[in-house]
Amino acid sequence: MVSPLHNSGQAELRDDKVIAPFGELAIKPDIRPDLLFRLSARLQTTLDLSQLLEIFCKEIQHSVLIDGLSYRVRDRDIHISMGRSSTHSVTYDLNTRNDRIGELSFYRASRFREYELANLEGLLSTLVYPLRNALHYREALDASFRDPLTGAGNRVALDRTLDREVELAHRHEMALSILMLDLDHFKNINDRYGHHTGDQVLRETVGAITDSIRQTDICFRYGGEEFLILLSNANQDDALVVAERIRRAVALVSVSYLDQVIHPAASIGCASLTFTDSRQSLVHRADLALYTAKGLGRNRVVGEAILVSCPVEQSELDAMENNTTEPDVQAN
Ligand SMILES: Nc1nc2c(ncn2[C@@H]2O[C@H](COP(=O)(O)OP(=O)(O)OP(=O)(O)O)[C@@H](O)[C@H]2O)c(=O)[nH]1
């Protein structure tokens, strides 16, 4: 499985596999063939990164004792740890010819001996390809839950996430709010400046939204120019504060078209989970709040308190429909 070690200190795997660099190695790995065989068979059984590393961590103990390991892929925001981190560690930068597949560190209370490092490196050779496949799988999975234009979560992701979050919030009696955001007069932006500019506005809007929320909150593209923002552990007051922050951030978005600068505006409706809410009723109330925000003149945030204390008649909404602000356009 593993070629002899070169003087350069790199262990090269057959085909295109390379683990580099290993440092000054003089000792060849001495691993029982049955262990290598079983390890590589077990690593073929899953595409889940955590499971893969768990299998690896458990199986290699037959050859090298470790207290824990940690795997990190910096540019993909992946960090998985298991076991304990101890005083002594050794870190490998894992690569195939075409992919950098992250850093793997092993921890132990006592120093690693040379022959143990040689064995670790031999064992790593069985992990490289399965790890690369698991990373590709995770990438594909991520992509299938993302809107390709804006990078926001798509409807499939929304359906799965919202059901789960509503159930969890009910079970643990935790607050949960959603914001329904719709860009104002977006059709005019498309009509005047073209779809390409419209697309750019959508992308920048999602950037402004994600910069305004916590990492645990999620932005989904609900429809064309409509977004649903899921705020975990946020009650109505929290949600209104976040919504206003988002509204302001969207108003600061600027997209250039020839000598003009387009500033979009957004209307936002908020709804917070009650004991009796289902996912559908929660979304429906956020939609109603959004509808009210549009009716009240757009470019504003409306919470449920307004719906309760100041119901807006349909006739009023219709009258207000004709009296609204358009996207702001400035000439340079
Ligand atoms: N550029 C671009 N436009 C889109 C996309 N998806 C939907 N749209 C456009 O979004 C526009 C939505 O228009 P409307 O539903 O009339 O809403 P609006 O003009 O924003 O008006 P209000 O919501 O009432 O303020 C339509 O012109 C759609 O073609 C997209 O992916 N890219």
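The questions below concern a predicted model.

Biologist: How far apart are the end C-alpha atoms of helix α4?
Modeller: Helix α4 runs over residues 155–171, which is 17 residues. At 1.5 Å a residue these should span 24 Å. The distance between the end C-alpha atoms agrees with that, at 24 Å.

Biologist: Which residues of α4 are buried, and what arc do they cover around the axis?
Modeller: The buried residues of α4 are Leu158, Leu162, Glu165 and Val166. They lie on the same side of α4, because the arc they cover around the axis is only 100 degrees. In an α-helix there are 3.6 residues a turn, so residues three or four places apart point the same way. The buried residues are Leu158, Leu162, Glu165 and Val166, and their arc is 100 degrees.

Biologist: What covers the buried residues of α4?
Modeller: The face turned away from the buried side carries exposed residues, among them Arg160, Asp163 and Arg171. The cover over the buried residues includes β7 (176–183), β8 (218–221), β9 (226–232) and α8 (279–295).

Biologist: Which element gives the most to the shell around the ligand?
Modeller: The ligand is surrounded by 16 residues. At least two residues of the shell come from each of β7, α5 (186–193) and α6 (195–212). With four residues, the element that gives the most is α6.

Biologist: How many residues of the shell around the ligand are charged?
Modeller: The closest residues to the ligand are Asp184, Phe186, Lys187, Gly198 and Gly224. By class, the shell has four nonpolar and five polar residues, and the charged ones number seven.

Conventions: Residues numbered from 1 in each chain as written. Predicted model: local features only at pLDDT ≥ 70, side-chain atom pairs only at ≥ 80, totals over all residues. Expected span 1.5 Å × (residues − 1). Buried ≥ 20, exposed ≤ 12 C-beta atoms within 10 Å, placed from the backbone. Arc of directions from axis to C-beta. Contact = placed C-beta atoms within 7 Å. Near = placed C-beta within 6 Å. Nonpolar A, V, L, I, M, F, W, Y, C, P; charged D, E, K, R; others polar.
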